[in-house]
Amino acid sequence: MCVTAVESRPAGGGTTHAIKAVGEFSQVPGSPGDRPFGARVKAFVALTKPRVIELLLMTTVPVMFLAAKGVPDLVLVLVTCIGGYLSAGGAAAFNMYLDRDIDALMDRTSQRPLVTGMVSPRECLVFATVLAVGSTALFWFLVNPLSAMLSLGALLFYVVVYTMILKRRTSQNIVWGGIAGCMPVFIGWSAVTNSVSWASFILFLVIFFWTPPHYWPLSMKVKDDYERVGVPMLPAVAGNKVVARQIVAYSWVMVAVSLLLQPLGYTGWFYTVVAVACGAFWLKEAHGLQSRAKAGVTGAKLKEMRLFHWSITYVSLLFVAVAVDPFLR
């Protein structure tokens, strides 16, 4: 994510000022000839939010190993990863097209390609459409129709339900919008088995309950951005104590759900040991954040980003354990 600061603007500027800002930024590169080819390529890659997609693929591939109870068809893995990247990248590009007004006002998003003018809105929309259609076709013809429908459903949910409906209307936006980020679990399983199962549903729930306590600490750090553009992300409309309390609640449910795979017979001792150890450390960090919030700690001393960074490590380790466990049973 780019965090280069944009000009500070007062809260309440609204969409009119945001669109004006986009217009200002879009003039930076001038004509298409002033936009170097290499920079343009990087800009189109940036539209796909590659760092986010890394996490999505991290939850897709291990599930394929679990579904295959060993090593899946590696060509199938490659095709599924390519299709998943294209689909998630298309969703991200649609998101940037729809959010280009507020992206111009937020420090965290001020260097996105549509804001700087490196990519025009029309180019972005065409690019997103091509990725969406291409990924769906790839899944349909080279994987299976079920995976294609799940992939397309995830894209539409993220773009329509989260970006267009929930994001600017409710503080629970990331809770329900996060469903799109859970779908790679189903896609990975269905790619191997052409079906879904209770195992994939449990892992879906792990990601569902992981998403809010993963994203809210980051939102706490950049809540001024959300306040400036009027997006009601929970930390922008509630105090740190409330946010931390909800983080702890979701964290306990997430850890509990992650432990269901072993008693239901889908994993063995290795996954369980990793899930318990990582879950215990997660809960320690979540309760630590809550204690600091209760004490009225603010600023750098709140250390909310410790949980955010750990959340990425947690999901990575947990899903690596999902992939390794079948070989140790």
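The predictor's confidence in each residue is given as pLDDT, on a scale from 0 to 100. This is a predicted model, in which local features need pLDDT of at least 70, side-chain atom pairs count only at pLDDT 80 or more, and totals for chains, interfaces and linings use all residues. Residues are numbered from 1 along each chain as its sequence is written, and side-chain values use heavy atoms, with hydrogens and water left out.

The chain has an average pLDDT of 90, and 90% of the residues reach at least 70. Over residues 1–28, pLDDT remains under 50, and the model has 50 contacts (heavy atoms within 4.5 Å) for this stretch beyond four places in sequence. Where pLDDT is low, the predicted coordinates should not be read in detail.

The Ser110 side chain reaches the backbone oxygen of Asp107 at 3.2 Å. Gln111, at 33% relative accessible area, is partly exposed. Its C-alpha atom is separated by 9.9 Å from that of Ala43, 68 residues apart along the chain.

Val71 sits in the loop between helix H3 (50–68) and helix H4 (74–98) and is exposed, at 54% relative accessible area.

Conventions:
Buried < 20%, exposed > 50% of the residue type's maximum accessible area, 1.4 Å probe, protein only. Polar contact = N/O pair within 3.5 Å; in protein donor to acceptor, adjacent residues only side chain to side chain. Helix = DSSP H or I, 4+ residues; strand = E, 2+ residues; numbered from the N terminus.
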